[in-house]
Amino acid sequence: MILTLTLNPSVDISYPLETLTLDDVNRVEEVSKTAGGKGLNVTRVLSQLKEPVLASGFIGGELGQLIARKLDDADVYHAFYNIKGETRNCIAILHEGQQTEILEQGPTIDADEARGFIHHVDELLTKVQAVAISGSLPKGLSQDYYAQIIQLCQQRQIPVVLDCSGSALLAVLKQQYKPTVIKPNISELSQLLGQQIQEDIESLKTVLANPLFDGIEWIIVSLGANGAFAKHNEQYYRVSIPKINVLNPVGSGDSTVAGITSAVVNHENDQTLLKKANTLGMLNAQEAQTGYVNVSNYQNLFNQIEVLEV
Ligand SMILES: Nc1ncnc2c1ncn2[C@@H]1O[C@H](COP(=O)(O)OP(=O)(O)OP(=O)(O)O)[C@@H](O)[C@H]1O
Ligand SMILES: [Mg+2]
């Protein structure tokens with residue numbers, strides 16, 4: 001079983017509007033409310049792959065309960081840790097082909113809750129063979145919080161796929177206990193290194209050889225419509241993907257993380273891991289819904305991906 005961690009989940013509300021009129025009333029007919037947060041996207045894709053998965057993170061208040069109920073309805077196992085704060089809402093207004101988002105910051109985790117969750121995760125680790133950690137840290141947690149979780153996983157020799165950015169990622173890279181896989185996109189990688197990274201093979205090879213990444217088995221840089229570039233130990237791979245019709249690429253990275261984690265837990269080879277990851281990213285991009293993949297198109301896309309050692 002795979003454990004997914006979403007430390008700052010949300011109830012995502014989508015408001016489709018013909019036009020958004022500022023400083024006036026906008027009435028919405030079709031509202032959709034889903035359990036959101038990057039780790040929950042990963043969870044949904046894993047469950048569509050029929051991969052046994054357990055979701056955890058912090059939830060609180062009525063909206064926290066709504067998340068638990070939504071996962072129950074989808075037959076997804078979960079073991080969230082209850083906090084005093086209230087789980088947040090994130091609102092996306094879809095209008096005139098644009099998307100305007102209003103994102104609440106979410107609750108603050110207090111010191112007892114932070115400690116309690118570490119124990120909670122340690123118990124969950126007795127039941128799982130891999131962990132996927134996604135998204136930003138909620139307020140109140142120290143920047144090395146993911147590092148603490150990774151240390152627990154390492155003690156049990158459980159591989160970790162980490163998808164976060166900025167200071168939370170930097171804190172992990174600077175400490176002793178490393179994740180097995182990180183999956184920055186190109187802008188997250190540029191932000192991390194404080195320079196604009198070019199997408200050509202030589203630039204990416206040079207960048208990924210940076211000592212900052214020492215000790216991390218896999219670095220997979222996702223490149224949106226351009227596929228991916230990866231380093232596995234001392235090997236480098238360029239992943240080329242076919243052109244596809246894209247409906248909504250939001251969450252493609254999360255789907256990629258689902259594919260990586262599934263391949264890790266099933267001990268798949270490098271080629272299969274990279275193809276699975278990119279296939280799921282593409283399948284997500286072909287759907288309107290975030291964190292949804294149509295698995296019946298899986299094999300067709302998988303067969304069109306080329307993984308070249310460079
Ligand atoms: N426009 C696209 N066309 C084809 N494939 C895509 C497209 N966007 C994403 N993908 C696929 O999904 C993978 C991950 O996408 P991307 O690099 O956009 O991740 P991301 O920026 O982390 O996304 P997010 O954080 O929104 O989940 C890509 O490596 C690719 O395989
Ligand atoms: Mg991403």
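I started in β5, where His78 is the bridge partner of Ala55. I'm working on a predicted model, where local features need pLDDT of at least 70, side-chain atom pairs count only at pLDDT 80 or more, and totals for chains, interfaces and linings use all residues. Residues are numbered from 1 along each chain as its sequence is written, chains are lettered from A and ligands numbered from 1 in the order in which they are written, and side-chain values use heavy atoms, with hydrogens and water left out.

Next I looked up the pairing (at least two DSSP bridges between two strands). β4 and β5 (residues 77-78) run parallel, joined by two bridges. On β1 (residues 2-6) I found five bridges to β4, also parallel, with Thr6 opposite Gly57.

Then I checked cover on β4 (residues 53-59): seven of its seven residues are buried, meaning under 20% relative accessible area with a 1.4 Å probe, protein chains only. One side has Val53, Ala55, Gly57 and Ile59, the other Leu54, Ser56 and Phe58.

Zooming out, I noted 10 helices and 15 strands in the protein chain; these are DSSP runs, helices being H or I of at least four residues and strands E of at least two. Buried residues make up 54% of the 310. I also looked at contacts (heavy atoms within 4.5 Å): among those between residues at least 6 apart in sequence, 67% join residues at least 24 apart. Last, I noted that the C-alpha trace spans about 55 × 45 × 40 Å along its principal axes.

Key: Buried < 20%, exposed > 50% of the residue type's maximum accessible area, 1.4 Å probe, protein only.
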